[in-house]
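Subject: Structure handover

Hello,

Please find the structure below.

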Amino acid sequence: MGFKCGIIGLPNVGKSTLFNVLTKGNSAVANFPFCTIKPNIGIVSVPDNRINNLSKIILPKKITNAFIEFVDIAGLVKGASKGEGLGNQFLSNIRDTHAIAHVVRCFKDDNVSHIYNQLQPKIDVDIINSELILADFETCEKSILKLQKKLNFNKKEIEEKLVVLSKCLDHLKKFLMLKTLELDENEKKIISYLRFLTLKPTMYIANINEQKESCFFLNELEKMAKKEGSSVIPINSNLELDLIKMNEDEQKYFMKSFNITNLGLNNIIKSGYKILNLITFFTAGIKEVRAWAIPNGSTSLQAADKIHSDFRRGFIRAQIINYLDFIKYKSETKVKEAGKYRSEGKFYQIQDGDIINFLFNV
Ligand SMILES: Nc1ncnc2c1ncn2[C@@H]1O[C@H](COP(=O)(O)OP(=O)(O)OP(=O)(O)O)[C@@H](O)[C@H]1O
Ligand SMILES: [Mg+2]
């Protein structure tokens, strides 16, 4: 299963430009079959120096990075939750994603129209978030009504659900996003089946240009996001779309002249990984060195399943080398001699950077 990040925002704020930057900017994209599944879905590999360092020692035939799927969702407008614009269809596209990249226009350009003829990032964000809140309100209200009708069948379990959902409904009524409601792990689990939109981890993408107004807009957006506990990533999508078409030398020259230290593209991919709370483990052999993304807290059995269901079914044990140990000793034999080679069972909690060899028998 891949991790999906939906790109949302008002119409004409630069979502597709960003999507093009993300998907064409990374040559490793070609590593995957059916790279572009639909015109608006792109698989983007996660940059990770560790995979390059491992490959320098192992010299594998193939190198495969971990990846995140980005989905370019059409613009949302006021009233989308009531079917306005392309409405509900797009809200359901967002429901299918694990995280949200919310693009906010932070650039002034008289040649690019703004749907409401205003340039105020905070208002733009509020319009979108209000639609998400309204959509969640409707989902929540409908589910409560449905559950109330079923109360005679499984009283205890349904009552438990109703308590959490009423808490959610009260919060949404105040026009607040569910991610700002305190819910414990059990409560989150109880409502996870509803895939609430305002509960999804979010990063704001400030689409900027070279003009001074962008600093002001970016600042506004950062203040707003801080209150919500979300991060803001500035990116000049138009410029980066040009950058990715250049060779390395041209790119360096351009970045220097525009004072860009880090490509927004890499920051977004890294941040996506972070808000999805993913860690990386590696499988490493002559055939392939590969990075795998997995939720923090996963066990070796879940990691095995990520690779192939046979690995899970026939799981015997996981042989593990820490990434830094491998870099230090440079071979499996030397790692073993140093006593750093571990054997773990199915409930072992995978650590970021574990290099794993699964033993299985089916
Ligand atoms: N950072 C930027 N600076 C200036 N212009 C930009 C920037 N980013 C995007 N644009 C321009 O904004 C316009 C809209 O971009 P784009 O088509 O990516 O928006 P969108 O959000 O995908 O729109 P829609 O919702 O209609 O699909 C394009 O003309 C694009 O070149
Ligand atoms: Mg678009």
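Helix α4 (121-149) lies across β1 and β5 (99-105) and runs at about 140° to β5. Helices (H or I, at least four residues) and strands (E, at least two) are DSSP runs numbered from the N terminus. Axes are lines fitted to C-alpha atoms, for helices over the stretch in contact, and angles run from 0 to 180 degrees between N-to-C directions. Contact between two residues requires C-beta atoms, placed from the backbone, within 7 Å.

This is a predicted model: local features need pLDDT of at least 70 and side-chain atom pairs count only at pLDDT 80 or more, while totals for chains, interfaces and linings use all residues. Residues are numbered from 1 along each chain as its sequence is written, with chains lettered from A and ligands numbered from 1 in the order in which they are written.

Helix α10 (264-275) also packs on the sheet, where it touches β1, β2, β4, β5, β6 (202-207) and β7; its direction makes about 160° with that of β7.

The sheet itself is open and has six strands in the order β2-β4-β1-β5-β6-β7, with mixed pairing. Its edge strands, each pairing on one side only, are β2 (41-45) and β7 (231-235). Pairing here means that DSSP finds at least two bridges between two strands. On average, neighbouring strands are turned by 25° against each other, direction ignored. β1 (3-8) and β4 (67-72) run parallel and are joined by five bridges; C5 has F70 of β4 as its bridge partner.

Back to the helices: the axes of α4 and α5 (155-173) come within 10 Å and cross at roughly 150°. The two are therefore roughly antiparallel, a label for angles over 145 degrees. From α4, the contact includes I133, F137 and I144, and from α5 it includes I158, L162 and L165. By class, this contact has eleven nonpolar, two polar and three charged residues. Ala, Val, Leu, Ile, Met, Phe, Trp, Tyr, Cys and Pro count as nonpolar, Asp, Glu, Lys and Arg as charged, and the others, Gly among them, as polar.

Regards

How values were computed: Parallel < 35°, antiparallel > 145°, perpendicular 65-115°, else oblique.
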